[in-house]
Structure formats: C-alpha cells, structure tokens
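Please examine the sequence and structure shown below. A briefing on selected structural features then follows.

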Amino acid sequence: MTAILRLKWRQYCLFPTGLVIVSMAMLLLGAFASATPRSSQQPLGNTQVSDVEPETLSIIIGDVDPDEPVKKIRRFQPLADYLATKLEGFGIGDGGVVIAKNFEEMGRLLKNGEVDIYFDSVYPAIASQKISASEFLLRRSKDGVSSYWSTYVVLKEQMVDSFDEFLGKVIAFEEPRSTSGYLLPAGQLLEEGYVLREVDGPAAEVKDNEIGYFFSRDEENTIDMVLRGMVAAGGISNQDFDELPPELSEKLDIFGRTIAVPRQIVSLRPGMDPAIKENIRDLL
C-alpha cells in the first residue's frame with residue numbers, strides 16, 4: 001500500500017525541563033495487525049482469576065517486540081522480580097513480563113491493566129498512550145544515553161547541501177515503529193514542507209516534487225544501501241553513525257539533524273494507586 005505524507009507536524013513539551021518531543025507520531029502510524037493480549041499473571045488492580053496465588057498481585061512490565069519476545073523477557077524479568085520484592089507491602093507477590101506484537105496491543109494491555117510499566121522510545125510510547133491514556137513517569141537512559149536525535153547519511157562524494165537533492169529519489173528508513181529510523185527523519189522532512197511517498201523499493205520511480213521512502217528493516221541495511229548507491233540517503237540515529245567503523249564512516253557524510261528526544265520513556269498504566277506509583281518512581 002502506498003502512503004503519502006503531506007501533513008505538518010507539531011511539537012509539544014513533555015517534561016518540566018522543556019524537552020521537546022514529537023506529536024506527529026500518530027500521523028505516521030501505520031495499520032498494525034490486531035493481536036490477542038497475553039498475560040498469565042494477575043497485574044495490579046486486576047481482579048480476574050489467574051494462575052497465581054489468591055490474594056497475590058503481580059507487577060507486570062511490558063514491551064513491544066514481534067521478532068524476539070524471549071530476548072526481551074529475559075532482559076526485563078530481573079527488573080520485574082526486583083520491583084516485586086520492593087513492593088511486597090502492597091500485596092505484590094511476584095513480577096512478570098508481557099511482550100506485545102505491536103503498539104495497538106500494548107495500548108490495550110495498558111488500558112485493561114494487564115501491563116503496569118512500559119519502557120520504550122518516544123514513538124511507541126506516544127502511540128500506546130493515545131490508546132491507553134497511560135502516564136509518562138520518567139525519562140530512561142539506555143546504554144548511558146539520555147537523549148538522541150536522527151540525521152541523514154549520504155555518500156561523501158554526493159556533497160549534499162539541501163533536502164531538494166532528495167526530490168525525485170528514494171531514501172531509506174528503518175521500520176514503521178522506529179523513533180530514530182523513521183519518525184524523526186520523516187518528520188523533519190515534513191516540517192520542511194516536503195511530500196513523502198512510500199514506495200516498494202530503492203529502484204521505484206518517484207515524481208520530481210516528492211521524496212520516495214521505503215523501509216530497509218534494519219539500520220545496517222540502511223547504511224549498506226547508502227554505501228552501494230541504491231538510495232539517495234538514509235535516516236539513522238546519531239548513535240548509529242557514531243558506532244560505525246572508520247572504514248565505513250569515512251565514506252559517508254551526515255546531512256542535517258532532527259530535534260533531540262528522550263532515549264526512552266517510562267509509562268505507567270492509567271489508574272495505578274498513587275502510593276505504588278510514587279514507590280515505583282523512587283525505585284527506578
């Protein structure tokens with residue numbers, strides 16, 4: 001399906017520090033397949049019968065990963081166990097992890113009280129909040145980084161000095177759910193007034209007054225396609241570029257940059273007990 005993006009994005013303040021993030025997220029959201037929520041534990045405030053001990057509550061951490069759910073469960077289970085031991089005074093007996101297949105499912109899980117805490121980047125956090133009315137609690141660093149932005153990588157020999165040089169050509173983004181590999185670089189072009197059209201591949205024909213884009217599915221694929229001259233540019237994060245080996249980075253230039261956003265956001269489901277909420281804030 002071909003998608004054309006013409007709308008301007010708006011910006012708003014998320015935290016008292018005045019950090020600006022992008023409310024364009026919902027305008028860039030694609031159609032994600034529905035999925036049945038999965039939870040074998042009883043989260044906070046959920047009175048449905050489950051396989052945990054009666055009168056025992058669980059604190060559930062959620063994440064979105066359709067590709068490697070087991071990896072995410074292993075990553076977050078120790079944190080869920082830690083929080084459970086620290087919140088025993090609230091009747092919490094254990095912790096669990098639930099992995100959703102997409103933003104829609106995560107939104108429903110938060111809304112229904114089947115996930116209590118959700119860690120993710122700006123784009124999915126906003127998308128899930130639109131569905132669930134979840135609360136943004138904290139900014140979260142990842143790998144020691146508290147904020148990041150996106151840029152466009154081009155071949156050094158191209159000597160790009162204007163977005164106009166992308167007109168009638170195809171650029172690569174990572175995937176529809178990526179903050180740094182899609183939302184931010186696409187939003188920057190929209191902010192500049194360009195019309196974006198989703199295409200099937202790097203060889204697709206694009207009108208002279210539009211910029212074509214397609215999803216490479218991985219930032220490494222994006223960089224490889226730029227190096228091979230298959231696309232005019234690629235949208236990646238500043239971290240991705242900084243981590244490139246010298247033999248690759250010396251062949252590339254970066255052009256332009258987007259606003260900086262929190263590396264991740266901690267979201268809480270709506271309706272959580274204020275006392276539990278404050279304890280979670282202090283623990284994290």
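This is a predicted model: local features need pLDDT of at least 70, side-chain atom pairs count only at pLDDT 80 or more; totals for chains, interfaces and linings use all residues.

Residues are numbered from 1 along each chain as its sequence is written, and side-chain values use heavy atoms, with hydrogens and water left out. Helices (H or I, at least four residues) and strands (E, at least two) are DSSP runs, numbered from the N terminus.

**Helix 5**

- Helix 5 comprises residues 179-191 and spans only 16 Å between its end C-alpha atoms, whereas a straight helix of 13 residues would span 18 Å at 1.5 Å a residue. The expected span is 1.5 Å times one less than the number of residues.
- Because twelve of its 13 residues are buried, helix 5 is largely enclosed by the rest of the structure. Buried means under 20% relative accessible area, exposed over 50%, and partly exposed in between (1.4 Å probe, protein chains only).
- The buried residues of helix 5 include Tyr182, Leu183, Leu184, Pro185, Gln188, Leu189 and Leu190.
- At the start of helix 5, the backbone nitrogen of Gly181 has a side-chain oxygen of Ser178 within 2.7 Å.
- Gly193 follows helix 5 and has a positive phi, near 95 degrees.

**Nonpolar cores**

- The largest nonpolar core has 21 residues, and Phe166, Ile171, Phe173 and Leu189 have the most contacts inside it. A nonpolar core is a set of buried Ala, Val, Leu, Ile, Met, Phe, Trp, Tyr and Cys residues joined through side-chain atoms within 4.5 Å.
- At least two residues of this core come from each of strand 9 (150-155), strand 10, helix 5 and strand 12 (210-215). Helix 5 gives the most, with five residues.
- Not counting residues up to four places away in sequence, Ile171 touches Phe166, Leu189, Ile211, Gly212, Tyr213, Phe214, Val231, Ala232 and Ala233. Contact here means heavy atoms within 4.5 Å.
- Another core, of 19 residues, lies apart from the largest one and has Ile59, Phe76, Ala80 and Leu87 among its members.

**Salt bridges**

- A salt bridge is a side-chain nitrogen of Lys or Arg within 4 Å of a carboxyl oxygen of Asp or Glu. By this rule the count comes to ten salt bridges.
- Arg177 and Asp67 form a salt bridge through their side chains (3.6 Å, N to O). The pair links distant parts of the chain, 110 residues apart: Arg177 is in the loop between strand 10 (170-173) and helix 5, and Asp67 is in the loop between strand 4 (57-64) and helix 2 (69-86).
- Arg177 is partly exposed, with a relative accessible area of 23%, whereas Asp67 is exposed, at 60%.
- A salt bridge also joins the side chains of Asp224 and Arg228 (2.8 Å, N to O). Asp224 is partly exposed at 33% relative accessibility, and Arg228 is exposed at 60%.
- In a further salt bridge, the side chains of Glu278 and Arg281 meet (3.6 Å, N to O). These two residues are three apart in helix 9 (residues 274-283), so Glu278 and Arg281 are separated by about one helical turn.
- Glu278 is partly exposed, with 38% relative accessibility, and Arg281 is partly exposed, with 31%.
- Asp63, Asp65 and Lys72 belong to one network, joined by salt bridges that share partners.

**Ala100 and Asp65**

- Ala100 is part of strand 5 (residues 92-100) and is buried, at 0% relative accessibility.
- The C-alpha atoms of Ala100 and Asp65 are separated by 6.3 Å, although the residues are 35 apart along the chain.

- Most residues other than glycine have a negative phi.
- Ala133 has a positive phi, near 60 degrees. This residue lies in the loop between helix 4 (122-132) and strand 7 (135-140), and Ala133 is exposed at 54% relative accessibility.
- Met159 also has a positive phi, near 55 degrees. Its place is in the loop between strand 9 and strand 10, and Met159 is exposed at 66% relative accessibility.

Definitions and conventions
A polar contact is a pair of N or O atoms within 3.5 Å; within protein, one must be able to donate a hydrogen and the other to accept it, and residues adjacent in sequence count only if both atoms are side-chain atoms.
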